[in-house]
Amino acid sequence: MKKNIDWENIGFGYYKTDYRYVADYKNGSWSEGKLTTDENIVISECAGVLQYAQTCFEGLKAYTTQDGSIVTFRPDLNAQRLIDSCERLCIPPITEEMFLEAVDSVVKSNADYVPPYGSGATLYIRPYIYGSSPVLGVHPAEEFQFRMFCSPVGPYFKGGAKPIVIRVTDYDRAAPHGTGHIKAGLNYAMSLYAIQEAHDLGYSENMYLDAATRTKVEETGGANFIFVTKDGKVVTPKSGSILPSITRRSLVYVAKNYLGLEVEEREVLLEEVKDFAECGLCGTAAVISPVGKIDDHGKEICLPSGMEEMGPITKKLYDTLTGIQMGRIEAPEGWIRKIV
Ligand code: PLP
Ligand code: COI
């Protein structure tokens, strides 16, 4: 029986469900994972995660499709990205197989929390790994825990598909050769001040520039950028210090192979943003959130698509991607993992 939740009106927040997955790394190997009903964690006061932020995470969603199945979208890519994050943070990586089994069991055991088809909500899944053993000198922990919980969620930005206003920020998110390309908790800790300031000033997100030259568009705190040129080309920033978004990589494929659009993955100068026709933020949480206006230090860049609705190409990308995720449009081989 589905839970009695007001699916249409939930926001993006934590909602406790019945089961979560946990596995431990001790004495050089990962234990077999299991489900638990206990949402609390007891760890050393000196745990590596608490002292030196040795932790990384992932984010993916489970969807109820048109035919009533429950599926996940390209979870193998989340597994690989978590493995990449682990390597960069000196965390012993889990295997793709372990990751996929954990996703399946968390979703299956919480099936009553997967929002119904057409409700606009989805089940957000949050896998994470952290250093659990005591660490005082700066070095990696010796013991780790891999956990995964889930939470029904609605739109990441209030207003759903309404265009948002963002600002160009003077804070940096990631250094060249730093950790911007992995999903480390530390990248988000250092963005909190900037996002709080942005929210206080009325902006929904920050546009980060490249830290070295401050001339190129990187990403926001929680999503990659997709732009559309006036002649209908899709342009998306390429950088070694942004998170390789699975949504963005999927949209590039959809644009080329489903919509027949030309796509450029390249450096994007802040200077050229004023010439684009459409702009959107893409990510698991954001899906594709249209940007209507960008404030660059008092200079307003107003996207021609305006503040009322998504631009036409952004809308096509959105409809095709969500159509694939919800089973209305045939997916490329291997993109959909059926769970129930
Ligand atoms: N960029 C950042 C900084 C993110 O936190 C996310 C969210 O995961 C993304 C981009 C989008 O990535 P994905 O599409 O894989 O969710
Ligand atoms: C996601 O889209 O999964 C993220 O992790 C973004 C986060 C800011 C909620």
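Does Thr17 count as buried or exposed, and at what relative accessibility? At 4% relative accessibility, Thr17 counts as buried, where buried means under 20% relative accessible area, exposed over 50%, and partly exposed in between, with a 1.4 Å probe and protein chains only. The structure is a predicted model, in which local features need pLDDT of at least 70, side-chain atom pairs count only at pLDDT 80 or more, and totals for chains, interfaces and linings use all residues. Residues are numbered from 1 along each chain as its sequence is written, chains are lettered from A and ligands numbered from 1 in the order in which they are written, and side-chain values use heavy atoms, with hydrogens and water left out.

The protein contains seven helices and 17 strands; helices (H or I, at least four residues) and strands (E, at least two) are DSSP runs, numbered from the N terminus. Its radius of gyration is 20 Å, close to the 20 Å that the globule rule gives for 340 residues, so the protein is as compact as a globular protein of that length. The radius is taken over C-alpha atoms, and the rule is 2.2 Å times the number of residues to the power 0.38. Along the principal axes, the C-alpha trace spans about 55 × 50 × 35 Å.

Of the 340 residues, 54% are buried. Among contacts (heavy atoms within 4.5 Å) with a separation of 6 or more, 70% are between residues 24 or more positions apart.

Thr17 is placed in the segment before strand E1 (20-26). Residues up to four places away in sequence not counted, Thr17 touches Asn110, Tyr113, Cys150, Ser151 and Pro152.

Phi of Arg74 is positive, near 50°, in a residue other than glycine. Arg74 counts as buried, at 14% relative accessibility. H2 itself has 14 residues and reaches 20 Å from its first C-alpha to its last, close to the 20 Å expected at 1.5 Å a residue; the expected span is 1.5 Å times one less than the number of residues. Buried residues of H2 include Leu77, Arg81, Leu82 and Cys86. Cys90 follows H2 and is found in the loop between H2 and helix H3 (96-109). Although Cys90 is not a glycine, its phi is positive, about 55°. At 47% relative accessibility, Cys90 counts as partly exposed.

Thr65 lies in the loop between strand E5 (60-64) and E6 and counts as buried at 6% relative accessibility. Leaving aside neighbours within four places in sequence, Thr65 is in contact with Val71, Tyr117, Gln325, Met326 and Gly327. Thr65 and Gly323 are 258 residues apart in sequence, but their C-alpha atoms are 9.2 Å apart in space.

Gly323 is one of the buried residues of H7, as is Gln325. The 14 residues of H7 (residues 312-325) should span 20 Å at 1.5 Å a residue, and the end C-alpha atoms are 20 Å apart, which agrees. Other buried residues of H7 include Ile313, Leu317, Leu321 and Ile324. H7 is followed by Gly327, with a positive phi near 80°.
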